[in-house]
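Please open the structure in your viewer and keep the selection tool at hand. The tour moves from one stop to the next, saying at each what to select and what is there.

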Amino acid sequence: MKIRSPIISVLGHVDHGKTTLLDYIRGSTVADREAGGITQHIGATEIPISTIKDICGNFISKLSIKDTIPGLFFIDTPGHAAFTSLRKRGGALADLAILIVDINEGFKPQTIEAINILKMYKTPFVVAANKIDKIFGWESHPGNSFTQSFQEQAPSVQQDLNQKLYELVGELHKLGFQSERFDRISSYASQISIIPVSASTGEGIIELNAMLLGLAQEYLTQQLEIHENAPAKGTVLEVKEETGLGMTIDTIIYDGVLRTNDEIVLMLKNEILTTNVRSILKPNPLEEMRDSKKRFQKVDEIVAAAGVKIAAPNLEDVVSGSPLRVINDEEDVKKEILKEIEDITIDTEENGVLVKADTLGSLEAVVNILNQEKIPIRSADIGDVNKKDVIKASISQKEDPDHGVIIAFNVDVHPKARRELEETSLKLFQGNVIYKLTEDHHDWLEERKSAVKKHLLDSLIKPAKIMILPKLIFRQSKPAICGIEVLNGTVKPGYILMDENGNKVGSIASMEDKGETLPSMSRGQQVAMAINDAIAGKDFEEGDSLYVDIPEKHFKVIERKFKDKLNDDELACLEEFVRIKRKDDFEWGKFGLFE
Ligand code: GDP
């Protein structure tokens, strides 16, 4: 058993300093990279603990960091797209993350997106509150620790910084995280450390590295244990053609050992590929790269953690984010990868929405959020939206209008598919911020639901009561015509009326006021009403109260779904109505409100 370096990703809003921070961490702290022991991998950079200790000195000893962790392994490509595409079974490849926020700008959409993603993958993270050198009046001390630099600042500047930090604490709190400035943390398990830094001057980077080491040592050692002689496990970063090498894959190996000629399994769109490692390539050290113009150097084997390029036959259709496994007990490994493909693509139902995304990882992230919201998914796969997708979504829509939806993350829509889409009433959600996409979809669905609900409510026969006004019977029958007042609720033509004993009186033929026919009438209005099939003096008398006879089905829907939409008078009227109904039929309208 050996402990490998934790794999670290940098996330944050555009222009908040991800690239600058990585550049600083990777190089500028050490004048001579080779001497500093910094190792350049494919797609990643590893800084050994000895170097970090040299730089951090005192601060590390205060944190009582031991030598168990060999170093920090930074993924070169920052951003949440890289973070999600770098996946491994059941989570993210990165063990830790740095969330970078421009302290002067605070939280932005992609900051929130990054936090949501980190939350979803349960990845521990620290917050780098960047660009402290831009705080008004800040006196820069390049390369210093934050602690030293902070002491040199004027009290008003110190206050300003603390104020800005507390705004970040507030934002994090809104998203469900407790946080604190790193030097005031009381529990690393329950609080997120915020480290004020400047990626430009390097102030605070010492503490940032130390906190990462500390966090890894406290919480990750088990996760970082590797089996040095076990078959390698890794993740595909990118599939790339290289002159002289043909198709290659850039991979991060996070467990075991990879050797030339090893048989490996990889994931294609819907199946698995078995192939043999032709060569393993590492980047050449800078010096040699200049001399020989050769960018890569062949090695026979590498042990995790490592970023390497692999050349092998048939790599064309490997998907980024694919797992990589060296085969030992062949069937088991194949089964495991097949299961993994299933988990991603078959986690779908017969009916539901359509999801498209650019990488396996982002697809998984979108699917995850939709699953949490209990949105059924009909199909989820990688690639641009094409004509076939439009057809599939149309079929879904026929089965359920709510499912006439395509959610497209970070992909294009083919022009032909776009034209087809325009001819349908399908709804396309397209964008590159996952939580924005799913939020928009959520809002759309809610809006639809309330429209459907309103339509249903409008079509329901609701409680109402009228009174036959004295001395205003104009015609006896066929139809009977009399003056009435609406005592409660709303009445419309077609509604059946019943008397106080539950006997049917007739149906409302029409209502008229001053020569005008009315489509509906509400409480307090007096009009002339024509009632079909009723005979005045026999079916009803002057002064009688009549109720709208609510069909039992309507009653149940009102009672279960729309009780809150009735006012007190209507509720009272409903109660009277039910009492009348149950005189004859004890079970009427059960089981519900008035049991
Ligand atoms: P990214 O989009 O998150 O990768 O951001 P970059 O690293 O490209 O930084 C965006 C801009 O902010 C660049 O012009 C950087 O030079 C600048 N920048 C980044 N970090 C700092 C910092 O700590 N202080 C100052 N003053 N500028 C910074």
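**Stop one: a loop residue**

Select Thr260, which touches Val277, Ser279, Ile280 and Asp300 when residues up to four places away in sequence are not counted; two residues are in contact if their C-beta atoms, placed from the backbone, lie within 7 Å. What you have open is a predicted model, in which local features need pLDDT of at least 70, side-chain atom pairs count only at pLDDT 80 or more, and totals for chains, interfaces and linings use all residues. Residues are numbered from 1 along each chain as its sequence is written.

The place of Thr260 is in the loop between strand 15 (257–259) and strand 16; helices (H or I, at least four residues) and strands (E, at least two) are DSSP runs, numbered from the N terminus. Thr260 counts as partly exposed because it has 15 C-beta neighbours inside 10 Å. A residue is buried if 20 or more other C-beta atoms lie within 10 Å of its own, exposed if 12 or fewer, and partly exposed in between.

**Stop two: strand 16 and its partners**

Next select residues 263–267, which form strand 16, where four of the five residues are buried. Strand 16 pairs with strand 17 (residues 272–276) in the antiparallel sense over five bridges, where pairing requires that DSSP finds at least two bridges between two strands. A hairpin of four residues joins strand 16 to strand 17, and Glu263 has Asn276 in strand 17 as its bridge partner. Strand 16 is also joined by two bridges to strand 22 (residues 323–326), and these two run antiparallel, with Ile264 standing opposite Val326 in strand 22.

**Stop three: strand 2**

Now move to residues 7–12, where strand 2 has six of its six residues buried, so it is largely enclosed by the rest of the structure. In a regular strand, the side chains alternate between the two faces of the sheet. Which residues of strand 2 are buried on one side and on the other? Ile7, Ser9 and Leu11 are on one side, and Ile8, Val10 and Gly12 are on the other. Strand 2 runs parallel to strand 5 (residues 71–75), joined by two bridges, and it pairs in the parallel sense with strand 8 (residues 96–102) over five bridges. Within these pairings, Ile7 has Phe73 in strand 5 as its bridge partner, whereas Ser9 stands opposite Ala97 in strand 8.

For the last stop, select the strands of an open sheet of four, which has the order 24-23-25-26 with parallel pairing. Strand 24 (377–382) and strand 26 (427–431) stand at the edges, each with a single partner strand, so one side of each is left without a neighbour in the sheet. Strand 23 (residues 353–357) pairs with strand 24 in the parallel sense over five bridges, and Lys356 stands opposite Asp381 in strand 24.
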